[in-house]
Amino acid sequence: MENKNGKLFIITGPSGVGKGTILKKFFESNHNIIYSISETTRKPRPGEVHGVNYFFVEKEDFEKSIKNDEFLEWAKYSDNYYGTKKNFVLKALSQGADVLLEIETQGAKKIMEKFPDCITIFFTPPNLDELEKRLRGRKTEDEEAIQKRLHQVKQELTLAPLYKYSIENDKIEDALEKLQAVYNKEKDIQILKQDGK
Ligand code: ADP
Ligand code: 5GP
């Protein structure tokens, strides 16, 4: 049987829009797609676990990995580095697994250039006041970090049209249902193509 590459999904959207919340629920009922765990130099939030939410690394180690060309993409966001390691993702895709990257817009742009067939999904907030309320309500960033994140939102939202799908996260259940519909649709295309051979 021909070895078929898996599909690459990218989820993006401003900080606090609800990406993590929706993806947590999505992965509870979808076991055939792999969540790519990023590396970051950000400090863990209470409850975050190394190797589950992120691989938390030192700045020097991250910079060494950049020099050694170990990242598929990386970006500096709000004073911290975030990046997707090449090895794991490329291996999973080559073995036919679907992989989902939850990354910010600069990294997403790089992935779109490298993988023009990737499935891109942008989460938008119902409005900016609600986004700020969610970001503050999460109580995980200090005021300076909140301001830095809010500062980028308008620019980030202008990039939404570059994504194949845009999902408004008004009610969690509705947004989850829309994400599931996108995944089912894109997944089915792959199955149809395989069946057609
Ligand atoms: P992101 O991963 O995009 O930065 P989170 O998933 O951490 O965002 O969500 C930010 C905050 O907003 C969290 O406290 C979460 O519980 C809350 N939240 C997420 N989605 C919704 C929603 N649809 N309605 C109200 N609050 C939400
Ligand atoms: P947070 O600090 O809230 O966990 O993440 C901040 C931003 O970094 C979010 O938009 C998140 O999607 C993004 N991010 C997480 N991992 C990566 C990654 O590997 N690469 C890039 N470019 N962005 C990432």
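Modeller: A polar contact is a pair of N or O atoms within 3.5 Å; within protein, one atom must be able to donate a hydrogen and the other to accept it, and residues adjacent in sequence count only if both atoms are side-chain atoms. The model is predicted, so local features need pLDDT of at least 70 and side-chain atom pairs count only at pLDDT 80 or more, whereas totals for chains, interfaces and linings use all residues. Residues are numbered from 1 along each chain as its sequence is written, chains are lettered from A and ligands numbered from 1 in the order in which they are written, and side-chain values use heavy atoms, leaving out hydrogens and water.

I begin with ligand 1. A polar backbone atom of Asp170 lies 2.8 Å from a nitrogen atom of ligand 1. An oxygen atom of ligand 1 is 2.8 Å from an N or O atom in the side chain of Arg138, and a backbone N or O atom of Val17 is 3.4 Å from an oxygen atom of ligand 1. On its own, ligand 1 has 570 Å² of accessible area, of which the protein covers 75% (Shrake-Rupley method, 1.4 Å probe; for residues, only the protein chains shown count as cover). Two or more residues of the shell around ligand 1 come from helix H1 (19-29), and likewise from helix H5 (128-138); helices (H or I, at least four residues) and strands (E, at least two) are DSSP runs numbered from the N terminus. In total, 15 residues surround ligand 1, and Gly16, Lys19, Thr21, Arg138 and Asp170 are the closest (a residue is near a molecule or strand if one of its heavy atoms lies within 4 Å of it).

Ligand 2 can be described in like manner. For Arg42, a polar side-chain atom is 2.6 Å from an oxygen atom of ligand 2. An oxygen atom of ligand 2 also has a backbone N or O atom of Gly83 at 3.1 Å, and a nitrogen atom of ligand 2 is 2.7 Å from an N or O atom in the side chain of Glu104. Ligand 2 exposes 520 Å² when taken alone, and the protein buries 96% of that area.
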